[in-house]
Amino acid sequence: MAASGKSAEHSIQSAVWHIELGRGKKVLQWIAVVLLAVVLAIWYAAGQFKGLEKREAMDMAQLARNIARGEGFTTSLIRPLSMWHLVENVPAQWNLRAKEVRERLLMRHPDLSNPPLYPLTLAGLFKLLPASVFEYKEGDRIYAPERWVILPFNQICLLLTILLVFVWAKRLFDRRVAVTAGFLLLFSDTLWSYGVSGLPTNFLMLLFLLAIYSLYLADCRLNPPDIPEAEQAGPDPQPLSTPVIVLVLLSAVLMGLCFLTRYLAAFLVVPMALYAGRILRGRGAGVWMAIYLAVFLVVISPWLVRNYRVSGSVLGLAKYGLVEQSGSFSGDTLERSYHPDLTGASSFRGVGTSLLTGARANLIGSLRQVGSDFLIFFFAVGILYGFRRRDATRLRGAILGALAAGILGMALLGADRDIWYTEVSGSNLLVLVLPLVAIYGVAFFYLLLDRIAFRIRLTRALAVGAFALLNVSPIIFTLLPPRRGAFPYPPYYSTMTHMVADMFGKNELATSDLPWAMAWDGDRRTVWLPLTVEDFYEINDFVAPRGFSFLMLTPQMMDRPLQSVILNGEFKNWIAVMRGALPKNFPLKEAIPLPPQNGQFLFADRVRWQKWLTKEGLAQLEKQEAEKAAAKPAAPPQVPATSTEKGEAKPDK
């Protein structure tokens with residue numbers, strides 16, 4: 001009995017020891033970290049996520065939904081430029097004389113704007129959901145697929161990135177650098193803002209960091225840090241092993257996946273190939289750089305072939321990005337052009353001007369592009385420090401190369417023309433290296449800290465705390481009141497978009513200045529508002545077999561500067577329609593203002609909103625108009641009154 005009592009006591013003591021000092025302590029620490037990450041994700045999303053509010057995010061989401069339905073890479077967001085490009089470059093396939101071909105051009109329009117990987121990934125996740133999730137339910141402020149698929153997926157990618165950074169920093173430097181860098185990235189307002197944006201940036205960041213990490217592991221195997229550089233560069237360098245070859249090829253495959261997530265990632269392949277060459281020096285570096293690029297091309301070639309077969313261009317509409325950047329077309333005028341004049345648009349002078357202008361803007365705003373964290377300052381100063389470990393120096397050179405390539409790519413092709421929610425940009429390549437910047441910034445901070453002789457340990461702890469507080473301050477201010485509104489309006493009001501879409505059938509065609517919102521939230525085929533009314537007439541009369549059923553104007557156009565954008569800019573051809581002075585041959589004669597505060601307008605082929613125009617509904621509209629008139633002495637834009645609004649009963653035709 002005594003022996004069994006001692007054995008039980010020993011087991012209890014051993015269990016307590018494991019919990020306090022052994023593996024149990026690490027398990028408890030990781031559980032605490034996971035709970036902290038989950039709480040932070042929920043807290044940040046609850047305050048900042050009000051649904052998708054980036055045009056690119058909505059565009060890719062509606063494409064993913066079409067793929068999940070079995071419709072292939074067809075889009076509900078139809079750009080006039082895309083229609084023109086197909087007709088001009090693949091005339092044998094898109095002969096507009098045949099009605100069935102015109103029907104297919106609009107109702108099964110191939111997507112030519114987006115790379116495939118992110119929409120394919122979302123489509124695979126969408127298929128796991130029941131069909132009822134995609135049905136709009138009255139009272140939902142956030143579309144269900146956004147809440148249950150897009151948001152969690154991007155946040156999981158972010159948390160996996162932070163885990164990778166922790167492992168990487170611990171291997172590259174030490175545990176304190178790894179813990180601090182991981183903590184600062186976990187509380188990075190920049191990364192969380194991308195996590196709730198619905199953009200593929202967090203997914204792309206994870207793929208890109210895995211590609212660099214693969215090369216870093218190959219570097220550690222070929223050039224061990226504990227062996228002097230002079231011995232490694234001897235007459236008989238260590239031969240390539242199978243794991244090293246696999247890691248290099250894996251990196252090239254991952255870079256191909258990065259390109260298939262965002263075309264701009266092609267600019268990052270050059271510094272990655274150079275990094276591979278530095279790692280493999282003395283072992284046929286030039287040959288392996290060529291192999292790296294060849295593997296990259298093999299991965300992306302099937303998609304390029306698809307684009308060429310569908311549109312006659314390996315990059316689809318992406319090839320016009322240089323034209324947009326050259327300044328030949330302002331705003332969104334190129335994508336809205338049904339007959340664009342591209343004469344001299346890609347001239348050498350225009351490209352050079354675009355490069356210089358864009359590079360200057362990106363250099364000046366480079367700190368903001370990397371992120372709101374202050375680690376960039378420590379990283380920038382730390383560039384002058386010479387690390388003893390050559391692998392750390394080579395990796396830092398790859399980061400600098402990626403930053404330079406990112407600035408070049410953004411200057412040439414990376415314009416983000418979204419005028420809402422501009423702090424987050426889908427074309428931002430610099431933010432992809434923020435985790436690596438964090439590692440080196442934290443490492444240099446500790447290098448400086450170790451050179452200060454603190455007499456009191458508390459003083460050192462206060463210095464580390466001040467450094468951490470400085471870097472997490474942006475997210476603190478973001479999470480504090482005031483809270484954001486229920487909807488990201490202007491310009492997005494998903495409830496109203498759903499209500500408008502429900503008035504029209506699935507096969508009816510719409511046009512709007514905010515087509516990505518109608519395509520995603522309303523699930524209706526929507527042509528981006530053509531640049532001119534004449535183009536609108538041509539598409540309505542000669543391309544769309546049954547014409548347009550409705551036109552929806554939103555703050556995307558209504559809230560723009562009057563002088564520079566509306567009167568003399570890209571919307572100048574639509575001034576008469578905005579004012580309600582419709583041309584006699586305009587096909588959409590019926591109109592009604594829409595909430596909130598009559599800031600949107602719906603034009604339709606016939607009255608579709610009878611259930612809205614009850615006596616109670618009219619009284620409410622009149623009350624809103626009276627309140628608006630009392631608050632603002634200026635008269636609102638004039639919209640033609642429908643016959644129903646005038647009090648005359650007018651049934652559906």
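Two strands are said to pair if DSSP finds at least two bridges between them, and helices (H or I, at least four residues) and strands (E, at least two) are DSSP runs numbered from the N terminus. The model shown is predicted, so that local features need pLDDT of at least 70 and side-chain atom pairs count only at pLDDT 80 or more, while totals for chains, interfaces and linings use all residues. Residues are numbered from 1 along each chain as its sequence is written, and side-chain values use heavy atoms, with hydrogens and water left out.

**View A. Strand E6 and its partner strands E4 and E5.** Strand E6 (residues 600–604) runs antiparallel to strand E4 (residues 548–553), to which four bridges join it, and phenylalanine 550 has alanine 604 of E6 as its bridge partner. Strand E5 (residues 590–594) is also antiparallel to E6, through five bridges, with leucine 594 partnered by glutamine 600. E5 and E6 form a hairpin with five residues between them, and in the turn glutamine 597 has a positive phi of about 55°. In a regular strand the side chains alternate between the two faces of the sheet. In E6, Gln600, Leu602 and Ala604 point one way and Phe601 and Phe603 the other, and all are buried (buried means under 20% relative accessible area, exposed over 50%, and partly exposed in between, with a 1.4 Å probe and protein chains only).

**View B. The bend in helix H21.** The 23 residues of helix H21 (residues 457–479) should span 33 Å at 1.5 Å a residue, and this agrees with the 32 Å between its end C-alpha atoms; the expected span is 1.5 Å times one less than the number of residues. H21 bends by about 50° at valine 472, and proline 474 follows within four residues, the bend being the angle between axes fitted to the seven residues ending there and the seven starting there. Among the buried residues of H21 are Phe467, Asn471, Val472 and Pro474, and the cover over its buried residues includes helix H2 (23–48) and helix H20 (434–450).

View C. Although arginine 483 and alanine 46 are 437 residues apart along the chain, their C-alpha atoms are separated by 9.8 Å. Not counting residues up to four places away in sequence, arginine 483 touches Trp43 and Gly47, where contact means heavy atoms within 4.5 Å.
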